[in-house]
Amino acid sequence: MNDFFLFRYGEEILFRCGEHIILVSISISVAIAIGLPLGILITRQPKLAQPILTVANVVQTIPSLAMFGFLISVPLLGGIGKIPAMVALTLYALLPIIRNAYTGIIGVDPAIREAGRGMGMTNWELLVQVEIPLALGVILAGVRVATVISVGIATIAAAIGAGGLGAFIFRGIAMVNNDLILAGAVPAALMALAADFAIGWFENHLTAQGKIKSEK
């Protein structure tokens, strides 16, 4: 095995990292845009909580390769390339985002809600100014989990021509070449760790700021 495989494939690794980041960034952004409102909705409509969380759980149980393969035959959003890959990644990212948004908002102290209502806050003001800020740490933890999951699953996207670091892994498996496998696996692992650290730092920073404000 070549100890300098990262240098040998350096230019292509950078290109594939860019593809990987685009796939994950767009998917997580869409998942947040869908999952956060759904998480808020089921705090207001508790009867919908079980069905929505059950569907999101079922999606998580589908093997990633099967999901990508299934999307090939789906009209409009399916086929080969980046779009079906982003659809699959978005679906996998929904559960932790929905669940944490729901858990975070439900976990807000009822006394704080009552104090807000006593001050004349509307439901919207209560949500935006009280509940979401207090639940933000839990919500970000869900985004953190979803991002790390997406970085890993995105390596399978190469199977349907979406590019990313998985292209190295599939080539390496086909050629029985460990250097190629590592050229995809190592940057993907580092990317997941970096995303976990960055979002975790932001989460801790916001939590610390919240504690300072509450002490004042």
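## Helix packing and nonpolar cores in a predicted model

The axes of helix H4 (residues 64–71) and helix H5 (residues 82–106) come within 9 Å of each other and cross at roughly 135°, which makes H4 oblique to H5. Here helices (H or I, at least four residues) are DSSP runs numbered from the N terminus, and axes are lines fitted to C-alpha atoms over the stretch in contact, with angles from 0 to 180 degrees between N-to-C directions. Angles under 35 degrees count as roughly parallel, over 145 as roughly antiparallel, 65 to 115 as roughly perpendicular and the rest as oblique.

This is a predicted model, in which local features need pLDDT of at least 70 and side-chain atom pairs count only at pLDDT 80 or more, while totals for chains, interfaces and linings use all residues. Residues are numbered from 1 along each chain as its sequence is written, and side-chain values use heavy atoms, with hydrogens and water left out.

The axes of helix H2 (residues 10–44) and helix H7 (residues 123–153) also form a crossing, and the two pairs are set out below.

| Helix pair | Axes come within | Crossing angle |
|---|---|---|
| H4 and H5 | 9 Å | roughly 135° |
| H2 and H7 | 10 Å | roughly 140° |

H2 and H7 are therefore oblique to each other. In the contact between H4 and H5 (heavy atoms within 4.5 Å), Ser64, Met67, Phe68 and Leu71 in H4 meet residues of H5 that include Pro84, Ala85, Ala88 and Leu91. The residues of this contact divide into 9 nonpolar, 1 polar and no charged, where Ala, Val, Leu, Ile, Met, Phe, Trp, Tyr, Cys and Pro count as nonpolar, Asp, Glu, Lys and Arg as charged, and the others, Gly among them, as polar.

The largest nonpolar core has 43 residues, and those with the most contacts inside it are Leu23, Phe68, Ala85 and Phe168. Such a core is a set of buried Ala, Val, Leu, Ile, Met, Phe, Trp, Tyr and Cys residues joined through side-chain atoms within 4.5 Å, with buried meaning under 20% relative accessible area, exposed over 50% and partly exposed in between (1.4 Å probe, protein chains only). The largest share of this core, 11 residues, comes from H5. Not counting residues up to four places away in sequence, Ala85 touches Leu23, Phe68, Ala157, Ile160 and Ala162.

Val176, in the loop between helix H8 (166–175) and helix H9 (178–215), has a positive phi of about 50° although it is not a glycine. Val176 is exposed, with a relative accessible area of 73%.
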